[in-house]
Amino acid sequence: MLLGPSLAVSAVLFVIGAAGVLLRRNAIVIFMCVELMLNAVNLTFVAFAQQLGTSGQIFVFFVMAVAAAEAAVGLAIILAVYRHKETVDLQHINLLKG
Amino acid sequence: MDLVWLVPALPLLGFILNATLALVRPQAKTAVSAIGVGVLVAAFGVGVLVVRALAVAHPEGPVVFHYWDWISVGSLHVGYALQVDPLSAVMVLIVTGVGALIHVFSVGYMREDPGYARYFAYLNLFVFFMLLLVLGANFPVTFVGWEGVGLCSYLLIGFWFSEKVNADAGMKAFVMNRIGDCGFLVAMFLIWQYTGSLDYEDVFAKAPAVLPAGGAAVTAITLFLFLGCTGKSAQIPLYTWLPDAMAGPTPVSALIHAATMVTAGVFLVARSNVLFALAPAAQVVVAGVGALTALFAATIALKQWDIKRVLAYSTVSQLGYMFLGVGTGAMAAGIFHLATHAFFKALLFLGSGAVIHAMHQAYHATHAHADAQDMRNMGGLRQFLPWTATLMWIATLAIAGIPPLSGFFSKDEILAAAFARGALQPAWYLFWGLGLAAAALTAFYMTRMMLYTFHGPNRTGAREQVHLREAPTVMIGPLVVLGVLSAVGGVINLPTLVGGGAWLHHWLEPVTAAGAALAPAPELAHNTEWILIGVAVAIGAGGIVAALRLLDPSALVPAAQAPPETGFAKVLWKKWYVDELYDTIIVRPVLWVSRTLLWRVVDVGVVDGAGVNGAAVVSRALGWLGSRLQTGELGFYVVVFVVGVIAVLSRAVR
């Protein structure tokens, strides 16, 4: 596998994810976009690991573990917010401000 | 001589014990008196031993005891060091000796006072600082004592602080002294700059080499030192605090404001005689201010009715004499007058204390509210207080310069020295004339005081008269001792002219020789000296006779019915309006500037407005700006976050 195309794909995925986080309002969608960004990073790690050794692959497992934990906590929070406000639209969730 | 540290340490111990008692058991008056008087007597005993050892050893220079380091910065090394030499020996004996007598007197005078323990604590502390002042082996240690006695003076003037007048008088003394102390500090800085040392021995050894005689440097040093002396020793222009200092208890006036503290300036000039010998211009100032003060204060004393105020102005006047002496270069004469003045002025003050005590008791017994210190309320007291009257007459004749009492010898020596200096610089003939005029006035106002207090009919009041009583033995005892000293005190320095040995003069030679070598004093012919003595005695006797002839105590009326003063008498009674003058040209402008400029503009405007409130306003505004960023919109946060990451990365990658 070539390094260049792998990095290009991961960059595209990362930008799509970032754009989704920036532009979408639904918390679930934003959450999925964050996952997309994490996986783009994973792809980068794996691509580099081919050339530089296995440490990059170990990092991928760390990222997956953290993403799993994040998914558990994040979804629980979104669920709690929904029960409280009947919406997951982030425009309406803006109580914490100066 | 190794025991010298005990001399100041004993009064300090007394202060600590008495201060503890004052806080814990203020009513334990027996213990307080035992401690207060005991430490002073012990200190006097140790002082005598030290002085005897010094007389036996008879060293060339001062004996310095270095105890521990105090300031050690760069090339500046100042240690806690005491110095025993003939000058400090004389001062130690005066301070502890007269101090002990006054402590004994205080036991009787302050017996009824609720602040008894506090009083003795302060008095002991004062003696400690005074001994530090005279025993210090360098300028800073002396300065600590100098400030310390100022503090005790403040505390004791305002001893009855519940009355505002007394507290104000204490504050006035403190502030006036600060002005002088500033001069002392500047002088110390200059001394260090030019000689690189502050130890007396070093400074005086190096001074003739590094400070050109008559140069600007040594003149500035001595003039700043003298500014310090005018504050502490109540000379023109800083003398006005001393008469007000009479607000304190009378034994305090005797100890601090007559016998010891106010003579610190004279001591300092004598101590620095080398520096003054190098600065003839400063000598003119010292002698001139002294002579002028002697006359000026004497004129004010002519018209005062408060018995203590007469004595206060008399003290200012006599201090002027001492400065005339040391300014002339006659250090021994100045110190001689310091010693005799300590005897007779302490006696006069304690005598006036006995009078006030009796008057106060009488008014207290009948619940009358008249001024116990106003001479117009006295009169004829000699039949009620015969001992006090007799002893005070001795002191009066001594201060008036009647031979062979002590004051005659010391005053005559100063005047003779001033006259002799006139041969070199004619200005001293003028100073001599001023001193002579002051001598005449001294004899006059002292006789006036005695006449109005002890002679003529009694004006206290018919009901009060029966309660007028001589003071108890504990008060009369010290008076008798001081009376003997006032009478025969002259023997310590009998002039060679009358066959004496000029003992004090020789004793002080190790201290004064260096200065005397730089500025030799001219000798007077014996004939001239006899003529001067004749003139001085005639002047003194003339003053007494004039007072006896001109004043009629039976014409006086009690203070409450007295007519107001008019004309020139009023000017003198109002002290030449000097207090009012200072009030107008210094106090009021300073207060005005403080209130309008410093308070309303600088404090309220700049410090409060721009400083304190300004800082608050600015941080609040910044906080408001920051809080605008907290929108609560997650999208906004993410945008800021991403922009930030891109910014950081773009810098990192480049």
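Which hand, left-handed or right-handed, does the crossing of helix 15 of chain B and helix 16 of chain B have? The crossing is left-handed, a term applied when the near helix is turned anticlockwise from the far one by less than a right angle, with right-handed used if the turn is clockwise. The structure is a predicted model, in which local features need pLDDT of at least 70 and side-chain atom pairs count only at pLDDT 80 or more, while totals for chains, interfaces and linings use all residues. Residues are numbered from 1 along each chain as its sequence is written, and chains are lettered from A and ligands numbered from 1 in the order in which they are written.

Helix 15 of chain B covers residues 331–366 and helix 16 of chain B covers residues 386–400. The two pack at an angle of about 150 degrees, and their axes are 9 Å apart. Helices (H or I, at least four residues) and strands (E, at least two) are DSSP runs, numbered from the N terminus. Axes are lines fitted to C-alpha atoms, for helices over the stretch in contact, and angles run from 0 to 180 degrees between N-to-C directions. On the side of helix 15 of chain B, the residues involved are B:Phe344, B:Leu347, B:Leu348, B:Gly351, B:Ala354 and B:Val355. They meet B:Thr388, B:Leu391, B:Met392, B:Ala395, B:Ala398 and B:Ile399 in helix 16 of chain B. This contact comprises 10 nonpolar, 2 polar and no charged residues. Ala, Val, Leu, Ile, Met, Phe, Trp, Tyr, Cys and Pro count as nonpolar, Asp, Glu, Lys and Arg as charged, and the others, Gly among them, as polar.

Helix 17 of chain B passes helix 23 of chain B in a right-handed crossing. Helix 17 of chain B contributes B:Lys411, B:Asp412, B:Leu415, B:Ala416 and B:Phe419 to the contact, and helix 23 of chain B contributes B:Glu529, B:Leu532, B:Ile533 and B:Ala536. The classes represented are 6 nonpolar, no polar and 3 charged residues.

Chain B as a whole has 26 helices and 2 strands, and its C-alpha trace spans about 110 × 65 × 50 Å along the principal axes. Of its 654 residues, 53% are buried, where buried denotes 20 or more other C-beta atoms within 10 Å of the residue's own, exposed 12 or fewer, and partly exposed a count in between, with C-beta atoms placed from the backbone. Among contacts in chain B with a separation of 6 or more, 81% join residues 24 or more positions apart; two residues are in contact if their C-beta atoms, placed from the backbone, lie within 7 Å. In helix 11 of chain B (residues 264–271), 8 of the 8 residues are buried, so this helix is largely enclosed by the rest of the structure. B:Phe267 and B:Arg271 are among these buried residues. B:Tyr194, in helix 6 (residues 164–195) of chain B, is partly exposed, with 18 other C-beta atoms within 10 Å. Leaving aside neighbours within four places in sequence, B:Tyr194 is in contact with B:Val210, B:Leu211 and B:Ala217.

Chain A contains 3 helices and 0 strands, in the order α-α-α from the N terminus. Its radius of gyration is 16 Å, well over the 13 Å that the globule rule gives for 98 residues, so chain A is more spread out than a compact globule. The radius is taken over C-alpha atoms, and the rule is 2.2 Å times the number of residues to the power 0.38. The C-alpha trace of chain A spans about 50 × 25 × 25 Å along its principal axes. Buried residues account for 10% of the 98 residues in chain A.

Between the chains, 10 residues of chain B are in contact with 9 residues of chain A. Helix 26 of chain B supplies 5 residues, the largest share of the side of chain B that touches chain A. That side has 4 nonpolar, 5 polar and 1 charged residues. The axes of helix 1 (residues 3–23) of chain A and helix 26 (residues 634–653) of chain B come within 8 Å and cross at roughly 140 degrees, which makes helix 1 of chain A oblique to helix 26 of chain B. A:Ala18, A:Val21 and A:Leu22 of helix 1 of chain A make this contact with B:Gly635, B:Val638, B:Val639 and B:Val642 of helix 26 of chain B.

Notes: Parallel < 35°, antiparallel > 145°, perpendicular 65-115°, else oblique.
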